[in-house]
Amino acid sequence: MAEYIMAARNARHIPKEDKIFGINKRAKQKIAEKGKDAVINATIGTLLDDNGNLMVLSTVDKMFHELTPDEYAAYAPIGGTPAFKKAAIRAAFSDHLPKGYVEAVATPGGTGAIRNTIANYSAYRDKVLTTDWFWTPYETICEEMGRTVDTFKLFNAERKFNTDSFKKKVAELLELQERLVIILNTPAHNPTGYALTVEDWTNVVNVLNETDKEKKITLLIDAAYIDFAGDEIEYRKFLPVLDNLNSNVLPLMAYSMSKTFTLYGMRCGALICIAPTEEIAAEFKRVVEFSARGCWSNSPKAAQSIITKIFADESLHQEVSAERAEIRNLLLRRGKAFEEECEKIGLVSVPFDAGFFAAIPCEAPVELCKELEDEDIYLIPHSRGIRVSVASISEEKCRILPEKILEVMNRRK
Ligand code: PLP
């Protein structure tokens, strides 16, 4: 049968089923058959407790239930309510005051922010640069708009950020195109758990400052997991390094409220610019709001109302942060447990710092994941290996998983 019947292909390769949600569906079927203790479902990037139930910040939950119709049912302005935009900037940068003109535009989650960056700062048929381990929806977003993803190697032989590969790829792409969007997902990178250090950031800035000043570069920091990496101030110490960028480089941040405020389904986020001039900031607001209007129009108001209230009340803000710190510690314990067990048995993982995911490099990841499914273990294959969501399984399961993965890997040799 033809790939499409009525739908236009438009140069896209649309699979019959979303990869992650498809595997998760099979895991759920197996859980219904055998019970949750018999199955390891480490597929989905949502924080679940040890019994597999969604973990929600109770302060946020309470606020949601107290919203008035004006706070949830009314339209928000296209770019977000003014108070939300202020709160989003504070949430993203904490106490750091960037040197530059800061503007925020509301988006439905971090995904909307990534989408509008690519729509406005890359050209049709451009390549968008990211790390070789990357969140696959970057590809979907690019494909939707006639762009493609190109990658550089995230790690070098010393298991550190690969500045040389980054430099080479930036130079190569700037030979081919007039502008370049670069996406760096850090800290708590999906799928590896890596965080660029301040030194890595300095190297990134140095590489970009050596480029031809006639070329336009947009550096998008996908900070979806920033508040689950560890101490909020510590993990924002890279921000002042961005102040040293040349004026042909525009730093943007895709800030997501999905994880930070456990509002995954409420679709709330912001795209924030740190523009070198007032004109570039005004242009940012104009073009990004235009894209929003033509894509989803207004972002949902309910989550904007919740975030606004949190940042208007310091004690409430402290309460939310304290509650988050508790679940973040649980997540960190799981990630470290997984890493520790990998080390003990000699299963090579990629450098993990924090976050929802850890990864194991391997050959034939699709086949390996299929075989693991026969053992009632559900993981996500990536082009370079397999991804384990430590966010969705207990510490106990994080401890037993490495041995099971190694067993199946050895069987395949
Ligand atoms: N970026 C990365 C790397 C992610 O993993 C996610 C969510 O899984 C997002 C961005 C955006 O998430 P959302 O659109 O749900 O806020």
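I take a polar contact to be a pair of N or O atoms within 3.5 Å; within protein, one must be able to donate a hydrogen and the other to accept it, and residues adjacent in sequence count only if both atoms are side-chain atoms. I'm working on a predicted model, where local features need pLDDT of at least 70, side-chain atom pairs count only at pLDDT 80 or more, and totals for chains, interfaces and linings use all residues. Numbering runs from 1 along each chain as its sequence is written, and side-chain values use heavy atoms, with hydrogens and water left out.

I looked up serine 256 and found a polar side-chain atom 2.6 Å from an oxygen atom of the ligand. For arginine 267, a side-chain N or O atom is 2.7 Å from a ligand oxygen. Asparagine 190 has a polar side-chain atom 2.8 Å from an oxygen atom of the ligand. I also noted that the protein covers 92% of the 400 Å² of accessible area that the ligand has on its own (Shrake-Rupley method, 1.4 Å probe).

**Ligand, shell.** I get 14 residues around the ligand, with Thr111, Asp222, Tyr225, Ser258 and Lys259 coming nearest. Helix 5 (109-121) and helix 9 (257-260) each supply at least two residues of the shell; helix 5 gives the most, with four. I count helices (H or I, at least four residues) and strands (E, at least two) as DSSP runs, numbered from the N terminus.

**Asparagine 246.** I found asparagine 246 in the loop between strand 6 (216-222) and strand 7 (249-256). Leaving aside neighbours within four places in sequence, asparagine 246 is in contact with Asn209 and Lys213 (heavy atoms within 4.5 Å). Asparagine 246 and lysine 213 are 33 residues apart in sequence, yet 8.0 Å apart C-alpha to C-alpha.

Note on methods:
A residue is near a molecule or strand if one of its heavy atoms lies within 4 Å of it.
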